[in-house]
Amino acid sequence: MPTPLPLLSPSARGFQAIPLAERPAGRQPIVPVLGRPPRVHLWHIGCQMNDADHEMLAERFAEIGFVPDAALDDADLAVLITCAVRQNAEQKVYGKFRDLIEWKRARPGRAVAMTGCMAVEHGSTLLRKLPELDYLFDVRDCDGFFARLQSVHGTDLDGPVPMPASDRLLAYVSVMGGCNEMCTYCIVPFVRGRETSRPVGEIVEDVHRLVERGVREVTLLGQNVNSYSDPGTGAGLPELLAAVDSVPGLWRLRFLTSHPRNALPGLFEAMRDLPTVCEQLHLPVQAGDDQLLRRMRRMYTVDEYLAKIASARATVPALALTTDIIVGFSAETEAEFLGTEQLLRTVRFDVVHLQAYSVRPGTAAARRPDDVPLTEKKRRLNHLLELQRDIALQRNLALVGERIEILVESTTDDGRPFGRTRQGKIALLPAGSAAVGELCVATVRTANAWQLAADVEAAAA
Ligand code: SF4
């Protein structure tokens with residue numbers, strides 16, 4: 001029987017991956033011989049890291065002989081890739097889990113596994129709380145889970161199964177996990193551990209494989225992606241971007257999420273010089289006041305942040321800038337809030353992801369009072385939403401008449417093709433003027449705060 005896992009505690013913050021946990025032998029599902037490869041249904045919620053983990057797990061399942069990404073009704077195993085960053089993400093996981101209870105009871109031998117941040121945060125208490133849960137594993141160290149499945153389903157496994165053809169144009173590739181920053185409000189370092197980077201060669205191979213399957217745009221992911229460092233050579237993010245840029249057939253390359261502290265001129269130069277790297281930088285600032293930034297432990301001042309932005313814009317003139325802001329952090333004063341408002345006016349971001357502060361148990365900030373009333377948090381949030389709507393509108397209207405490049409991703413219900421520009425803006429085209437998968441050059445005809453409408457000039461690829 002596996003050793004019970006402790007709840008997250010200071011001693012559990014040794015950043016070790018949690019071992020596989022499962023029901024005791026007598027309570028495991030009896031797995032019938034299926035006479036065919038077992039099928040797995042993968043479900044995820046939360047950030048793009050979980051999207052990348054979904055892709056990685058699908059490949060691992062195919063390697064051991066499972067049919068990856070089956071529809072739930074056809075599946076023998078359901079795997080939930082969870083998120084613990086906010087309370088409502090956890091509630092959605094529990095909701096999904098409730099749906100799976102009926103599914104599991106409908107056919108004996110079905111099983112449910114859980115991974116992702118909730119698995120690490122709550123550990124094996126989840127097995128006690130959720131009697132229908134069979135396996136709990138850490139996505140950072142999933143060899144034990146796959147070995148267990150191979151022993152349970154051995155008679156039905158007949159070597160690797162080909163990955164189904166994908167119609168996806170866009171994919172996420174995880175290049176590093178964890179974060180060393182320890183921002184006081186954030187649970188990520190406790191559930192994803194310390195930073196560990198994957199070798200450049202392995203990442204380039206992943207991208208090759210994705211491009212062969214039809215992917216044209218790749219986003220490299222890390223919680224703190226610009227502190228990427230190849231474990232063998234020490235190559236940083238600019239070198240990684242250069243290596244991935246050279247993959248034939250890749251049209252576009254992006255990266256998420258950058259920490260302002262590690263946003264250095266060499267990165268901006270790589271963005272300028274590498275043809276596939278898109279002119280888009282997500283640089284979360286979180287607040288526009290030095291005292292507030294110190295309480296958040298963000299390790300930069302407002303002036304330092306503004307200097308980074310000036311350097312990035314000077315190097316990459318067509319740059320689109322996006323950011324994250326938290327309003328109503330512990331003890332946030334009106335003056336501090338107004339500092340954030342001023343920062344938005346000064347920088348004029350293209351997109352701002354705003355959220356009201358909510359406490360995550362286990363973080364350093366959870367020891368401080370959550371003392372900005374909810375009504376005040378909402379007022380501050382709405383005020384910034386309105387301000388940012390105006391700024392985004394003006395920035396998008398300034399593009400009217402400009403030529404843009406669009407990778408057509410899909411069509412709207414009324415048949416209009418749409419996709420994103422290199423700057424990450426959504427652009428709509430007239431019905432019938434472009435096909436999904438095309439890279440088009442178009443002229444912006446009109447714009448609102450959220451999207452552009454453009455007319456196609458020519459196919460770019
Ligand atoms: S840099 Fe991002 S992921 Fe890391 S601790 Fe800070 S907020 Fe969390």
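Reader: So a residue is buried if 20 or more other C-beta atoms lie within 10 Å of its own. How many residues of strand β15 are buried?

Author: This is a predicted model, to start with. In it, five of the five residues of β15 (residues 417–421) are buried, and the strand counts as mostly covered.

Reader: Which way do β14 and β15 run?

Author: Antiparallel, with five bridges joining β15 to strand β14, which covers residues 403–411.

Reader: What holds strands of a sheet together in general?

Author: Backbone hydrogen bonds pair them, in a parallel or an antiparallel way.

Reader: Which residues of α1 are buried?

Author: M49, N50, A52, D53, E55, L57, A58 and F61.

Reader: What do the buried residues of α1 pack against?

Author: Five strands: β2 (40–44), β3 (77–82), β4 (111–116), β6 (170–174) and β9 (217–221). The helix α1 lies across β2, β3 and β4, and runs at about 170° to β2.

Reader: Why do residues three or four places apart in a helix point the same way?

Author: An α-helix has 3.6 residues a turn, so residues with that spacing point the same way.

Reader: What follows α1?

Author: G65, with a positive phi near 105°.

Reader: Back to β2. What is the order of the strands in its sheet?

Author: β1-β5-β4-β3-β2, an open sheet of five strands with mixed pairing. β1 (21–22) and β2 are at the edges and have a single partner strand each, so one side of each has no neighbour in the sheet.

Reader: How many residues of β2 are buried?

Author: Four of its five, and β2 counts as mostly covered. Five bridges join β2 to β3, and the two run parallel. Among the bridge partners, H41 has A78 of β3, and V40 has L77 of β3.

Reader: What about β6 and β9, which sheet are they in?

Author: They belong to an open sheet of three strands in the order β6-β9-β10, paired in parallel. The edge strands are β6 and β10 (252–256), and each of them pairs on one side only. From one strand to the next, the twist averages 25°.

Reader: How many bridges join β6 to β9?

Author: Five. V173 stands opposite L220 of β9. Helix α7 (residues 200–212) packs on this sheet, touching β6 and β9, with a direction at about 160° to that of β6. Helix α8 (residues 237–245) also packs on the sheet, where α8 touches β9 and β10, and its direction makes about 155° with that of β10.

Reader: There's a ligand too. Which residues surround it?

Author: C179, E181, M182, C183, C186, V188, P189, Q223, N224 and H259 surround the ligand. By class, this shell has six nonpolar, three polar and one charged residues.

Reader: Now the backbone. Which peptide bond is cis?

Author: The one from L256 to T257 is cis, with omega near -15°. T257 is in the loop between β10 and α9 (265–273).

Reader: Why does Q286 count as buried?

Author: Q286 has 23 C-beta neighbours inside 10 Å, and the cut-off for buried is 20 or more.

Reader: And R297, what is its phi near?

Author: Near 60°, again positive in a residue other than glycine. R297 is in the loop between α10 and α11 (302–315). With 14 C-beta neighbours inside 10 Å, R297 counts as partly exposed.

Key:
Residues are numbered from 1 along each chain as its sequence is written. This is a predicted model: local features need pLDDT of at least 70, side-chain atom pairs count only at pLDDT 80 or more; totals for chains, interfaces and linings use all residues. A residue is near a molecule or strand if its C-beta atom, placed from the backbone, lies within 6 Å of it. Ala, Val, Leu, Ile, Met, Phe, Trp, Tyr, Cys and Pro count as nonpolar, Asp, Glu, Lys and Arg as charged, and the others, Gly among them, as polar. A residue is buried if 20 or more other C-beta atoms lie within 10 Å of its own, exposed if 12 or fewer, and partly exposed in between; C-beta atoms are placed from the backbone. Two strands pair if DSSP finds at least two bridges between them. Two residues are in contact if their C-beta atoms, placed from the backbone, lie within 7 Å. Axes are lines fitted to C-alpha atoms, for helices over the stretch in contact, and angles run from 0 to 180 degrees between N-to-C directions.
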